[in-house]
Amino acid sequence: MRMYDIIEKKRDGFELSSDEIDFFISGYCNDSIPDYQASALLMAIFLKGMNERETALLTHAMAQSGDMIDLSEIDGIKVDKHSTGGVGDKTTLVLGPIVAACGIPVAKMSGRGLGHTGGTIDKLEAIPGFNTGITRENFIRNVKEIGIAIAGQTGNLAPADKKIYALRDVTATVNNTALIASSIMSKKLASGAQRIVLDVKTGSGAFMKNLEDSVKLAQAMVRIGENTGRHTVAVVTEMDIPLGKAVGNSLEIIEAIETLKNKGPRDLAQVSFELAARMLELGGKGSFEHCSSLVRHAVESGEALEKMAVLIEKQGGNRAVINDYSLFPRAKYIFEYKSETAGHICSMKTDTIGVASLVLGAGRETKESSIDYAAGIYFHKKTGEKVEKGEVIATLYTNREEKLAEACGLLKQAVELSDARPEEKPLILAYID
Ligand code: URA
């Protein structure tokens with residue numbers, strides 16, 4: 001078999017066979033296929049697409065390229081949740097403790113920030129002492145003992161996806177349904193979950209910018225899940241606006257804790273509680289309505305907050321952060337970004353906001369950059385709200401004073417004002433099962 005022929009076949013719009021897909025994945029992983037040929041094939045897939053069968057085969061081959069984690073030692077139905085990525089998306093930090101408090105085991109492997117989007121693992125590392133690199137044995141033991149563990153993906157979880165993702169990132173081949181669906185689902189299959197709730201983000205802060213593409217992506221992933229024996233559902237949620245008010249690692253952890261205290265922003269609570277209820281439903285806890293009431297009880301009783309405290313303690317963190325936010329890293333420079341005119345915020349370019357937060361230090365500009373956990377942006381006003389001239393729209397936090405002007409410039413591009421109040425949009429846009 002020759003890689004040249006596989007590229008040519010896909011370039012001309014034909015369906016690839018199982019052997020051809022396996023040849024590509026194994027050859028690219030063992031370095032016998034060079035980056036330039038892999039790039040050419042990815043671009044051909046990007047332009048010509050892949051049908052359902054090919055996408056399932058690609059997912060399977062990528063999942064099998066590394067470790068397949070076995071969670072069978074943990075009793076109960078293991079339900080996982082995955083977000084396609086957004087700005088201010090801290091739902092895992094809210095729903096993980098809720099779901100665990102309701103008796104469904106949460107064995108969550110999460111990722112780091114990608115492009116303009118944040119990652120759960122970077123956020124958790126903002127908690128002093130929190131260890132996201134626990135061993136497989138400790139991960140399983142913690143889930144058995146306290147019902148929850150959240151760790152970074154091990155180096156050998158779907159390594160083919162890791163290599164291919166890095167290449168897609170630099171060859172303009174990220175935003176393709178088959179490639180995103182196989183990338184996400186390969187990691188889900190390898191990480192051992194039996195049932196999966198997908199949070200497919202849509203809008204300017206998401207990889208999929210419009211609802212139609214997001215629904216197609218959701219459908220593709222649900223089908224992969226079902227075809228591989230993992231019951232999968234997807235909720236398509238709004239990402240045309242940051243989720244919650246906080247963007248940046250410590251700020252987001254604090255906001256998640258506030259939400260577990262039932263004092264968080266309405267949008268974050270709504271999306272997190274919806275996803276938590278879907279996870280409980282998949283875990284066999286009853287109807288969606290009943291599961292929603294279990295979620296509310298877990299929050300109102302303080303059980304979910306206590307679960308968060310126990311999770312932090314068990315993974316080496318200081319549980320006192322729950323009530324003492326001064327224990328989080330603090331930024332040296334705090335700047336108020338004020339509105340130059342009066343009006344209503346009519347849109348927020350959410351990917352640009354993600355970049356502004358990254359510039360302040362909350363994300364990585366290169367793979368080697370280190371994260372400033374104190375950096376980020378807190379929004380006092382968001383889309384739909386009225387602002388007066390000179391009123392503070394956002395507070396910026398950073399240790400890099402020299403970056404404030406650049407971040408403010410990005411916010412100026414991102415936040416658009418109009419005279420009329422824009423129509424309010426729903427946060428939950430579709431449900432696919
Ligand atoms: N997240 C992933 O893991 N993969 C993609 O391709 C896009 C988002």
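Residues are numbered from 1 along each chain as its sequence is written, and side-chain values use heavy atoms, with hydrogens and water left out. Because the model is predicted, local features need pLDDT of at least 70 and side-chain atom pairs count only at pLDDT 80 or more, while totals for chains, interfaces and linings use all residues.

**Ligand site**

Around the ligand stand Thr-84, Tyr-165, Arg-168, Ile-180, Ser-183, Ile-184, Lys-187 and Phe-207, each with a heavy atom within 4 Å of the ligand. The table gives polar contacts, that is, pairs of N or O atoms within 3.5 Å.

| Residue | Ligand atom | Distance |
|---|---|---|
| Arg-168 | oxygen | 3.0 Å |
| Ser-183 | nitrogen | 2.6 Å |
| Lys-187 | oxygen | 2.5 Å |

Taken alone, the ligand exposes 230 Å², of which the protein buries 94%; these areas come from the Shrake-Rupley method with a 1.4 Å probe. Two or more residues of the shell come from each of α8 (159–170) and α9 (177–190), and α9 gives the most, with four residues.

**Sheet**

Helices (H or I, at least four residues) and strands (E, at least two) are DSSP runs numbered from the N terminus, and two strands pair if DSSP finds at least two bridges between them. Three strands form an open antiparallel sheet in the order β10-β8-β12, with β10 (386–387) and β12 (415–418) as the edge strands, each pairing on one side only. Two bridges join β8 (residues 343–348) to β10, and Gly-343 has Val-387 as its bridge partner in β10.

Technical notes: A polar contact is a pair of N or O atoms within 3.5 Å; within protein, one must be able to donate a hydrogen and the other to accept it, and residues adjacent in sequence count only if both atoms are side-chain atoms.
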